[in-house]
Amino acid sequence: MKLSENAEKLMELLTADGFKAYAVGGCVRDYLLGKTAGDIDITTSAKPQQVEYILTNQGIKCIETGIKHGTVTAVLNGEQYEITTFRKDGDYKDNRRPESVDFVTDIQDDLSRRDFTVNAMAYNAEDGITDLFGGREDLKNGIIRAVGNADSRFKEDALRIMRALRFSAVLGFSIEESTKKAIFENRNLLNKIAGERIFTELTKLLMGDNALQVLDEYRAVIGVIIPELKPAFSCEQNNPWHIYNVYEHIIHAVHYAPKDEMIRLTMLLHDIGKPAVKTTDEKGTDHFKTHAYAGAEIAEKVLKRFKVSNDISKKVTSLIYYHQAVENVDEIRVKHWLAKIGEDYTRALFRVRISDLLAHNPEKIGYEVKKIKELLAELDEIIAEGDAFKLSDLAVNGRDLLALGYREGKEIGEKLHEILNLVIDDKLVNERNKIIEYLSQ
Ligand code: ATP
Ligand code: MG
């Protein structure tokens with residue numbers, strides 16, 4: 001097994017002083033899966049102060065990331081490595097974090113506190129792979145299994161419930177029966193976990209290839225972290241455009257969405273407003289007018305609970321707010337959307353709409369999907385050609401209008417918008433002389 005040279009070097013330095021050191025967790029799992037590992041985490045029998053002493057003596061910079069929990073971050077050739085002392089967690093009192101951690105000398109204790117067997121393996125050159133809980137076997141068979149008693153492990157730290165779902169979605173693994181049972185039984189403990197920690201796992205889950213199956217099978221867990229989605233579970237859509245109920249439609253839309261966190265999150269919440277506005281006409285057909293506006297409001301509350309940044313919240317809620325507005329594909333004018341919400345949002349909005357459409361009745365959507373793809377191509381062309389779609393693209397500005405006698409403020413603003421609309425609609429050429437001529441008429 002070949003880790004990065006930097007990690008090997010750090011492990012060698014610790015070993016040379018008589019300590020044990022291993023690469024551990026996700027990097028071993030990913031290596032055995034043939035994937036390039038993200039971060040390489042190192043675990044060692046050396047205490048944090050000893051780690052710091054040994055490494056700084058070699059001129060390696062150390063940051064005291066979490067001395068109390070045993071973690072020192074070493075910076076080698078510009079790369080950061082977390083080095084954590086073997087530890088055993090003390091009692092968990094609140095289903096969240098251990099009261100204390102004890103440093104131990106044996107890797108076995110350290111591995112047994114880890115969440116799942118596939119995450120509880122260690123490697124170093126001397127011992128090869130240390131696998132005390134059948135992680136390799138579970139990896140081969142595609143199974144997520146709690147280390148030890150699943151029920152107590154989820155009671156210790158309920159975030160592990162979300163982590164199990166996340167690994168299942170990302171790796172395409174199924175969750176072992178007793179682990180699954182404990183997930184369902186303990187799901188309400190997620191109410192005690194900080195929103196931002198849940199959100200991190202949820203986002204990773206949504207990006208997984210297997211997100212659709214996990215969101216479907218574990219909807220009872222989703223109902224705990226986003227209770228606002230619960231009405232969607234049983235909200236039928238009797239409408240020729242649909243073949244799924246609202247929740248099934250939502251999770252298919254996530255599935256069809258490109259692997260972009262913002263878009264996948266938008267898809268998860270895009271129809272959250274439907275149950276509240278549902279009406280059924282005399283023919284028995286269901287309608288959901290204004291659901292996008294209702295949905296944007298609900299989504300804002302959900303995202304606030306997850307403590308997402310204002311930036312993400314604004315983007316997701318705007319995309320939800322407008323997702324219905326691009327329904328009439330033949331009436332969509334790309335430049336008007338560009339003028340209204342800018343390039344990034346317009347592009348994202350079209351991608352949201354395609355993901356949404358793909359989760360409709362497949363017999364109905366061919367024309368619409370083709371049309372939106374054409375609009376995306378048109379958008380690229382507009383950007384490439386530098387066509388005008390915002391006020392600053394115009395060949396005149398506020399000062400020109402002031403010179404022509406328009407009053408500062410609202411009047412000039414309105415006039416500039418009028419000119420922009422004419423330019424976008426090809427009714428006026430974006431040249432200074434032409435525009436001034438128009439204004440002087
Ligand atoms: P990723 O590729 O997303 O980084 P990872 O397995 O490295 O996956 P991390 O969240 O970085 O996941 O955690 C690193 C390791 O720490 C895990 O592999 C696991 O062994 C352990 N771990 C992390 N969180 C928990 C937890 N809540 N309970 C028990 N062990 C955990
Ligand atoms: Mg990691």
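Predicted model: local features only at pLDDT ≥ 70, side-chain atom pairs only at ≥ 80, totals over all residues.
Me: What makes the strands β8 and β9 a pair, and in which sense do they run?
Reply: Two strands pair if DSSP finds at least two bridges between them. Strand β8 (residues 121–124) and strand β9 (residues 128–131) are joined over four bridges in the antiparallel sense, so they count as paired by that rule. Within this pairing asparagine 124 stands opposite glycine 128 of β9, and the two strands form a hairpin with three residues between them.

Me: How do you know that β5 pairs with β2, and how many bridges join them?
Reply: The rule asks for at least two bridges, and three bridges join β2 to β5, which run parallel; therefore β2 and β5 are a pair. One of the partners in this pairing is isoleucine 42, whose bridge partner in β5 is isoleucine 83.

Me: How many bridges join β4 to β5, and why are these strands called a pair?
Reply: Strand β4 (residues 71–76) is joined to β5 by six bridges and runs antiparallel to it, and because at least two bridges are needed, the two strands qualify as a pair. Threonine 73 stands opposite glutamate 82 in β5. The hairpin of β4 and β5 has two residues between the strands, and in this hairpin asparagine 77 takes a positive phi near 50 degrees.

Me: Which residues are the closest to ligand 1?
Reply: Among the 14 residues that surround ligand 1, the closest are Arg29, Asn119, Arg160, Arg163 and Arg166.

Me: What makes up the lining of the largest pocket?
Reply: A residue belongs to the lining because it has an atom within 4 Å of a point of the pocket. The largest pocket, with a volume of about 1,600 Å³, is lined by 44 residues, and Asp41, Arg113, Arg114, Asp115 and Arg163 lie nearest its centre. The largest share of this lining, seven residues, comes from α7, while the elements that each supply at least two residues include α2 (26–32), β2 (41–44) and α9 (195–206). The lining divides into 11 nonpolar, 11 polar and 22 charged residues.

Me: Which residues line the second largest pocket near its centre, and how is the lining divided?
Reply: The second largest pocket has a volume of about 430 Å³. Of the 19 residues that line it, the closest to its centre are Asn239, Trp241, His242, Glu327 and His360. Helix α18 (334–358) and strand β13 (286–287) each supply at least two residues, and α18 gives the most, with three. This lining divides into three nonpolar, eight polar and eight charged residues.

How values were computed
Residues numbered from 1 in each chain as written. Chains lettered and ligands numbered in written order. Heavy atoms only, no water. 1 Å grid on protein atoms, 1.4 Å probe; cavity = no way out; pocket = protein on both sides within 12 Å on 5 of 7 lines; lining within 4 Å. Points joined across faces, edges and corners; volume = space filled by probe spheres on them. Nonpolar A, V, L, I, M, F, W, Y, C, P; charged D, E, K, R; others polar. Near = heavy atom within 4 Å.
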